[in-house]
Amino acid sequence: MTSSFVRAAAAGAALAVSTGAFAACSSEPETTPDNVITIFAPQGDDADLDTNAFTKVIEEQFDVDLEFETTTWDGAAAGEKRQISLASGDYPDAYMLIPWVDQFSSDELVKLGGQGVLVQLDDLIGEDTPNLTAAFEKEPGFKELATSPDGKIWGIPAWNDCYHCSYPSKLWMNSTWLEAVGLPRPTTPEELRTVLEAFKTQDPNGNGEADEIPLSAAGGGSLLSYLMNPYVYTAEMYSNAEGTTPATLGAVDGEVVLQPTRDEWRDGIAYVNSLYEDGLIDEGAFTQNGEALNAKGNSAEGVILGSVAVMHPWFVTDDHEDGRYGQYDAVPPLTGPNGSDATYSGGGAGAAPGATFVITNRSSEAKQKKLMQILDFMVSYEGHLQGEFGVEGVNWSRPEAGDVALDEALEPNFKTLTPPEGEGANNSWGPIAQFFSDAEFRNSQVTATDIHTPEGYERRLFEATKLYEGHESDELFPYWEVGVTGETATELSTIQTNVENFVVQASAEFVTGVRDIGSDEDWADFQQNLTDLGAERYVEIYQEAWDASK
């Protein structure tokens with residue numbers, strides 16, 4: 001048994017223990033006065049939710065005092081702290097989360113709702129929540145996503161019709177370096193290898209030193225997905241904490257398939273491993289966090305990154321005189337033995353089943369009503385602008401004559417502003433308040449037409465994503481349409497966590513040579529590990545549920 005196998009099993013056991021602890025610790029939670037609402041929420045480095053400008057707007061408009069229990073934007077740490085918060089019994093009136101950091105899974109909602117920890121929201125949605133009701137009517141998928149497998153609404157997800165988020169596994173390549181080495185943008189895995197070798201050996205940054213990093217990433221999710229999709233459909237687990245979505249599953253001729261059991265998956269990993277062995281992939285690509293990648297992208301020694309696999313090029317800032325901010329452009333999906341597939345995050349509007357907003361049984365009826373009114377305000381157009389972006393005239397403004405919307409077919413409605421340094425950073429709740437960003441709202445934003453400027457960043461993402469649209473794999477498994485409840489859901493939760501976490505770890509080990517992808521013995525051991533973790537039952541549960549949903 002490998003160490004990664006043990007770690008994956010331990011992770012599943014820990015989750016099972018914490019989930020089982022909810023009922024034992026939550027029968028009589030403490031509460032606060034009706035005018036004091038406690039909220040668990042992630043908080044960015046530059047924010048202070050207690051003193052935040054939008055917090056003050058909410059407190060004044062709804063005559064409440066908000067008290068926050070905060071966590072970070074790091075998914076693993078945030079998920080762990082949320083579990084501890086729930087298991088302690090001393091949890092808040094509500095949780096407001098960020099889906100791509102951490103959120104409640106569908107199974108958690110059903111369990112916690114059944115245990116009485118969460119308040120059912122169905123009867124709280126209606127005349128007192130006109131904006132949420134209208135959003136459900138405008139986007140029926142929003143209400144479907146909010147409805148748990150047991151048919152009840154235990155929480156509200158974030159409906160974010162983010163076009164560029166729908167294709168998370170992108171590759172951003174330094175076009176200036178391409179010109180320096182005299183090569184075209186790659187279109188196949190082998191052409192990519194040629195480009196990366198040139199980046200490594202031909203001194204494209206021109207400083208006379210071998211300091212170039214041909215290809216990097218943070219966490220490895222986008223990297224594996226982008227490089228392996230030409231061989232076999234490989235989803236990216238990017239929107240939730242590890243193990244909360246069945247990212248390893250595909251669908252072939254109506255049959256659910258565990259992709260890592262296929263020879264094509266082995267071929268894909270072998271290709272990635274060959275790049276790593278040749279020194280073409282950053283040694284930190286699978287272990288470094290965003291901060292470490294950012295440090296490389298913004299190195300004071302000059303431009304050292306040739307290409308980076310991430311959803312969008314946040315790894316470089318616009319304050320460098322060498323112009324590196326505008327040098328990175330998206331590379332379309334590569335065409336390999338399996339064609340040219342791109343990872344598409346289905347499920348509607350870049351959202352995942354589950355919820356980012358829930359009310360707990362600590363909340364009195366008065367606070368439940370108030371919380372729903374606050375949520376409804378954030379769903380409204382004006383509340384959304386203030387909640388996500390901040391103060392009008394500082395963080396955003398109304399459109400002016402000549403302004404162009406991101407989707408030029410729409411009338412421009414608002415544009416974001418860049419406040420002077422040190423100002424405006426604590427004026428909004430950001431993605432915490434992003435409950436209903438439909439395509440019309442997002443794409444009516446005013447965006448500059450020069451895509452290589454900060455003001456044109458959204459248009460840069462919009463146009464880059466067009467390169468990926470239309471390359472979706474036929475093997476995409478629509479897990480968001482599949483409901484699993486009851487004891488089977490409990491069984492599935494543990495198996496899924498174990499399998500998904502194990503595959504993430506083992507994939508990195510195959511790429512970096514800890515496991516030998518060329519060894520039949522190591523491959524057989526990997527398959528046995530999957531079997532021992534319940535892979536066959538994993539596929540069986542989803543197959544039965546998928547068949548039942550048709």
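Modeller: Asp-203 sits in the loop that runs between helix H8 (189-201) and helix H9 (221-228); helices (H or I, at least four residues) and strands (E, at least two) are DSSP runs, numbered from the N terminus. This is a predicted model, in which local features need pLDDT of at least 70, side-chain atom pairs count only at pLDDT 80 or more, and totals for chains, interfaces and linings use all residues. Residues are numbered from 1 along each chain as its sequence is written, and side-chain values use heavy atoms, with hydrogens and water left out.

The phi of Asp-203 is near 50 degrees, which is positive although the residue is not glycine. Its relative accessible area is 25%, so Asp-203 is partly exposed (buried is under 20%, exposed over 50%, partly exposed in between, with a 1.4 Å probe and protein chains only). Asp-253, in the loop between strand S6 (249-252) and strand S7 (255-258), also has a positive phi, near 55 degrees. With a relative accessible area of 77%, Asp-253 is exposed.

As for the helix packing, H10 (residues 263-277) and H16 (residues 486-512) have axes 7 Å apart, at an angle of about 50 degrees. Axes are lines fitted to C-alpha atoms, for helices over the stretch in contact, and angles run from 0 to 180 degrees between N-to-C directions. H10 and H16 are therefore oblique to each other (under 35 degrees is roughly parallel, over 145 roughly antiparallel, 65 to 115 roughly perpendicular, the rest oblique). In contact (heavy atoms within 4.5 Å), the H10 residues include Trp-265, Ile-269 and Tyr-276, and the H16 residues include Val-503 and Phe-510.
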